[in-house]
Amino acid sequence: MEYRWITQGPEQTHSLGQKLADFLHPGAVAALTGELGSGKTCLIQGICQGLGVTDPVASPAFVIINEYQGRLPVYHFDLYRIKNIEELYQLGCEEYLYGFGVCLIEWAERAEALLPEDSIRISLHWKAENEREIVLKNRVPLKGADGDKIHRECMSGRCELSP
Amino acid sequence: MLILGIETSCDETAVAVLDDIQGILSDIISSQLEHSQYGGVVPEIASRTHLKTILPVLEKALSAAKVSLSQLDGIAVTCGPGLVGSLLVGISVAKALHFSLAIPLIGIHHIEAHIFAAILENPELSPPFVALVVSGGHTQLIFLPAFGVYEILGSTRDDAAGEAFDKVAALLGLGYPGGPIINRLAEKGDPEFMKFPRASVKDFEFSYSGLKTAVVNYVKNSPADIVRRHLSDIAASFQEAAVDVLVEKSIQAAKHKDVEKIAVAGGVGANSRLRNLLKERAAKAGVSVFYPSPVLCTDNGAMVAKAGAFRLSLGQTSGLDLNANPRMKL
């Protein structure tokens, strides 16, 4: 199932993230891809807020993984600096990925081999200065998710769905 | 008293010997230039390179200082925050020396070490003061009411300032590390070419994600040949926006805490535009600014040794259970 949203500005990207948090269950892995400035960190900040994280959510690029506690444990990865997947094994990534928390992974394409098969794929695309296209792909429909309702609640227009 | 300082938290394998009276006897840094091939710190390579270089760097630090291991009075080592694999290399060497020489081991917080770099070269710098710690992994304003006491006034909400320099340099195809490359290129550029936004986040917090996105937007919306022709202007305009916020907030923080001293630490502290602009505006506000020399702004062993000497003077030492803490709090 594929969901597609267009957001106008970081506030909408943030609130989309907040809504998406409702569909993340313990053990969920969200793999984010998108170039510099496409809104990955912004979306993740929204998801974290939706998951009840109160600590500030900053870029983990320097230490690769930040851990937060919301209603579930949240593991925020930034693989921008990763070129060799070996280091991720050394950091104990598998314990995070197959644990009971929620993993949110920026630059996920740099560790493709490590991602569980049922990861939720989120790609972000720069369309214009204040416009981003956000595409979410999941093997099954997100339980209870109404793409249009999410859309109405965070922005104007329609959510495009394709099976 | 002779203290050995070991720093391996990120890019640099660094070892220094510090005499508490005479100052730095040696300060050896093996910059890991292999990283320039990859456009960022590559942890895998970082920890491997630390393993390869730590002992040669240690030997060189001792020989340059004309000191033998048996003369040392203590071993200080960075134990966090940083990359766990990299931190462990330094900690393991420090523990082995501590065990075999039977001298004190002192685990040091990386940010405390950076602040001690400013103290090391400026003996007149004593609390109370405000410290601006700004590097690839950190952007923080910290108030020191006394030595060793830290009140965090604000941090970055997203990217660190140095990370923004690296990412903008990557975006413009300028290579790595971004800080010195942009600094150099900006000297030939017009800082007024583009008015990039100064992040308006509250109090003493910072945000660099919006500035990075503004540069992305400018590059995407402009013809490629214009971008190519104005690289130095874009670099200068970006740097001006990045530095302006650091300067303004540092001065506000000094006023807020009613202190007349600001210390700058961390790799971005070597940026010449930051140094000049802060000095200029601080002078107008009646505030003095203290910098480490550029070589002590980036990660080094001397700052760790200085912080270690301070902790040792308080009788605070670590045991063999000292561990790497990637997300250590100050």
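Where is the place of Lys66(B) in chain B? The legends below refer to a predicted model, and the first of them takes up this residue.

**Figure 1. Lys66(B) and its backbone angle.** Lys66(B) has its place in the loop between α1 (43-65) and β4 (74-80) of chain B. Its phi is near 55°, which is a positive value in a residue other than glycine. Most residues other than glycine have a negative phi. With 73% relative accessibility, Lys66(B) counts as exposed, because the cut-off for that word is over 50%.

**Figure 2. Trp107(A), a buried residue with positive phi.** Trp107(A) is not a glycine, and its phi is positive, near 55°. The residue lies in the loop between β5 (102-106) and β6 (120-128) of chain A. Its relative accessible area is 8%, so Trp107(A) is buried.

**Figure 3. Two cis peptide bonds in chain B.** Most peptide bonds are trans. Pro127(B) and Pro128(B), however, are joined by a cis peptide bond, with omega about 0°. Pro128(B) belongs to the loop between α3 and β6 of chain B. A cis bond also runs from Tyr176(B) to Pro177(B), where omega is near 0°. Pro177(B) is in the loop between α4 and α5 of chain B.

**Figure 4. Helix α4 of chain B and its cover.** Helix α4(B) consists of residues 161-171 and is mostly covered, with nine of its 11 residues buried. Among the buried residues are Gly162(B), Phe165(B), Asp166(B) and Val168(B). Which elements cover them? From chain A, the cover includes β4 (73-78). From chain B, it includes the strands β6 (129-134) and β7 (139-144), as well as the helices α5 (178-186), α6 (209-221) and α8 (231-256). After α4(B) comes Gly173(B), with a positive phi near 70°.

Figure 5. Lys212(B) is part of helix α6 of chain B. Is Lys212(B) buried or exposed? Its relative accessibility is 8%, so Lys212(B) counts as buried. Apart from neighbours within four places in sequence, Lys212(B) is in contact with Leu36(A) and Gly37(A) of chain A, and with Asp159(B), Lys167(B) and Val168(B) of chain B. Lys167(B) and Val168(B) are among the buried residues of α4(B).

Figure 6. The size of an interface is often given as the accessible area lost when the parts come together. Between chain A and chain B, the buried area is about 2,500 Å², and carbon and sulfur atoms give 58% of it. On the chain A side, the most area is lost to chain B by Leu36(A), Phe62(A) and Arg81(A), which together account for 30% of what that side buries. Chain A brings 28 residues to the contact and chain B brings 33 residues.

**Figure 7. Helix α8 of chain B and Val245(B).** The 26 residues of α8(B) should span 38 Å at 1.5 Å a residue, and the C-alpha atoms at its ends are 38 Å apart, so the two values agree. Since 22 of those 26 residues are buried, α8(B) is largely enclosed by the rest of the structure. Val245(B) lies in this helix and counts as buried, at 12% relative accessibility. Phe206(B) is 39 residues away from Val245(B) along the chain, while their C-alpha atoms are separated by 7.9 Å. The helix is followed by Asp258(B), whose phi is positive, near 55°.

**Figure 8. The crossing of helices α3 and α11 in chain B.** The axes of α3 (residues 110-121) and α11 (residues 301-313) come within 7 Å and cross at roughly 95°. The two helices are therefore roughly perpendicular, a term used here for angles of 65 to 115 degrees. Residues of α3(B) in the contact include His110(B), Phe116(B) and Leu120(B), and those of α11(B) include Met303(B), Phe310(B) and Arg311(B). The contact residues divide into 10 nonpolar, two polar and three charged.

**Figure 9. Asp19(B) in strand β2.** Asp19(B) is in strand β2 (residues 13-19) of chain B. At 11% relative accessibility, this residue counts as buried. Leaving out residues up to four places away in sequence, Asp19(B) touches Met1(B), Leu2(B) and Leu25(B).

Terms used
Residues numbered from 1 in each chain as written. Chains lettered and ligands numbered in written order. Predicted model: local features only at pLDDT ≥ 70, side-chain atom pairs only at ≥ 80, totals over all residues. Heavy atoms only, no water. Buried < 20%, exposed > 50% of the residue type's maximum accessible area, 1.4 Å probe, protein only. Helix = DSSP H or I, 4+ residues; strand = E, 2+ residues; numbered from the N terminus. Contact = heavy atoms within 4.5 Å. Expected span 1.5 Å × (residues − 1). Axes fitted to C-alpha atoms, helices over the stretch in contact; angles between N-to-C directions. Parallel < 35°, antiparallel > 145°, perpendicular 65-115°, else oblique. Nonpolar A, V, L, I, M, F, W, Y, C, P; charged D, E, K, R; others polar. Buried area = accessible area lost by both parts, 1.4 Å probe.
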